[in-house]
Amino acid sequence: MTRTILVSIALVGIVGCGRAKQEIAGDDSRGRNLERTPSAGGGTLSDRLVSFTSTTRTLGAGARIEATMAQPITSRSNKAGETVTATVAADAKDRNGRVVVPAGSPVELLITELEPAKNKSQADGTLTFQVTAATVRGQRYPMAAEVTSVPHTLKGRGVTAGEVEKVGVGTVIGAVARRVIGGKATGALVGGAGGAGGGAVVAVETASRDVVVRAGAPVIITLTGPLTVSTQ
C-alpha cells in the first residue's frame, strides 16, 4: 500500500514538472521569434531574431516619372545612336507612397531617331528615344519605359551649304525646262537666269528646320514594365 502511494506521488511530480516546463517555454516563445537560422560559422544554430523587412521597392508598369532634360538636343548637331540624360524632377513613389526613384536620379535616353523637318509642308521633324536605365542611390537599373512627352521647337537653318545644293538643282531644272520650251540658245540663257531665281525659291521652301529640345525641358517617362530598386 505504501509503495503504491509513493509511485502515484512520483508520477504526479513528473507531470507537474512537464507542465511547468511547457508553460515556461510558451511564455518565452511569445516574446521571441524562435525560427532557427544558421550561425555565421555554419555549424551551430542560434535563435536570434529574424527580420522580414523588405529591402526593395517597385514601380509598376504604367507608372510615370517626371524628369527634365539635362542638356539641349538639336537635329543640327546631335544624331541617332547618342545617349543623353534626363534628371528625375520629383520623387517617383509606389502605391504605398514610398519613394522608389528619388528626385535627382539620372535616366539614360538613347536617341533612336532624329531628323529635321526637311520642307515647309512637313509639319514636324522626327525625335524618338529608347529609355535604357536609371541610376538610383549609385546603382544602375535597366528600364522598360518610353518617353511619352517632351516639348520641342523647330528652328530654321536658312540657306546653308546643304540648301545651296538644292538651289543648284533648281537652277539646272529651270534652265533645261526653259530650253525645251523656248527651243533657242537665248532661251537656255533666260532659263538659266530664271532657274536660279526659281532655285532660290525652292531653297526657301525646302530649307530644313531643326528639331530643338532645350536643356531643362520637361520629360514624361512612362514605364512599360516594373522597375524594382534596392532601398540600401
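Q: Let's take the sheet with 3 strands. What is the strand order there?
A: This is a predicted model, and in it the order of that open sheet is E5-E14-E13, with antiparallel pairing.

Q: Which strands are at the edges?
A: Strand E5, residues 73-74, and strand E13, residues 153-156, are the edge strands, each pairing on one side only.

Q: How many bridges join E5 to E14?
A: There are 2 bridges between E5 and strand E14, which covers residues 209-213, and these strands run antiparallel. Thr74 stands opposite Val212 in E14.

Q: What holds strands together in general?
A: Strands of a sheet pair through backbone hydrogen bonds, and they can be parallel or antiparallel.

Q: Staying with E5, is Ile73 buried or exposed?
A: Ile73, which lies in strand E5, has a relative accessible area of 1%, so Ile73 counts as buried.

Q: What does Ile73 touch?
A: Leaving aside neighbours within four places in sequence, Ile73 is in contact with Asn78, Val84, Ile111, Leu114, Phe129, Val211, Val212 and Val213. Take Val84: Ile73 and Val84 are 11 residues apart in sequence, and their C-alpha atoms are 8.5 Å apart in space.

Q: Okay, new topic: the sheet of 7 strands. What order do its strands follow?
A: That open sheet has the order E11-E10-E9-E6-E4-E15-E12, with antiparallel pairing. Its edge strands are E11 (139-142) and E12 (145-149), and each pairs on one side only. From one strand to the next, the twist averages 40°.

Q: Where do nonpolar side chains tend to be in general?
A: In soluble globular proteins, nonpolar side chains tend to be buried together.

Q: What does Leu109 touch?
A: Not counting residues up to four places away in sequence, Leu109 touches Met69, Glu82, Thr83, Val84, Ala86, Phe129, Gln130, Val131, Thr132, Val147 and Ile221.

Q: Now the loops. Where is Ser105?
A: Ser105 is in the loop between E8 and E9. Ser105 is buried, because its relative accessible area is 5%, under the 20% cut-off.

Q: Which residues is Ser105 in contact with?
A: Aside from neighbours within four places in sequence, Ser105 contacts Ala86, Thr87, Val88, Thr135 and Val136. A polar atom of the Ser105 side chain also lies 2.8 Å from the backbone oxygen of Pro102.

Q: What about Asp94, buried or exposed?
A: Asp94 lies in the loop between strand E7 (92-93) and E8. At 11% relative accessibility, Asp94 counts as buried.

Q: Which backbone nitrogen atoms lie by its side chain?
A: A polar atom of the Asp94 side chain lies 3.0 Å from the backbone nitrogen of Asn96. For the backbone nitrogen of Arg98, the distance to a polar atom of the Asp94 side chain is 2.8 Å. Not counting residues up to four places away in sequence, Asp94 touches Arg57, Thr58, Leu59 and Val100.

Q: Last one: what is the phi of Arg137?
A: Arg137 has a positive phi of about 50° although it is not a glycine. Most residues other than glycine have a negative phi. Arg137 is found in the loop between E10 and E11, and at 41% relative accessibility Arg137 counts as partly exposed.

Conventions:
Residues are numbered from 1 along each chain as its sequence is written. This is a predicted model: local features need pLDDT of at least 70, side-chain atom pairs count only at pLDDT 80 or more; totals for chains, interfaces and linings use all residues. Side-chain values use heavy atoms; hydrogens and water are left out. Two strands pair if DSSP finds at least two bridges between them. Helices (H or I, at least four residues) and strands (E, at least two) are DSSP runs, numbered from the N terminus. Axes are lines fitted to C-alpha atoms, for helices over the stretch in contact, and angles run from 0 to 180 degrees between N-to-C directions. Contact means heavy atoms within 4.5 Å. Buried means under 20% relative accessible area, exposed over 50%, partly exposed in between (1.4 Å probe, protein chains only). A polar contact is a pair of N or O atoms within 3.5 Å; within protein, one must be able to donate a hydrogen and the other to accept it, and residues adjacent in sequence count only if both atoms are side-chain atoms.
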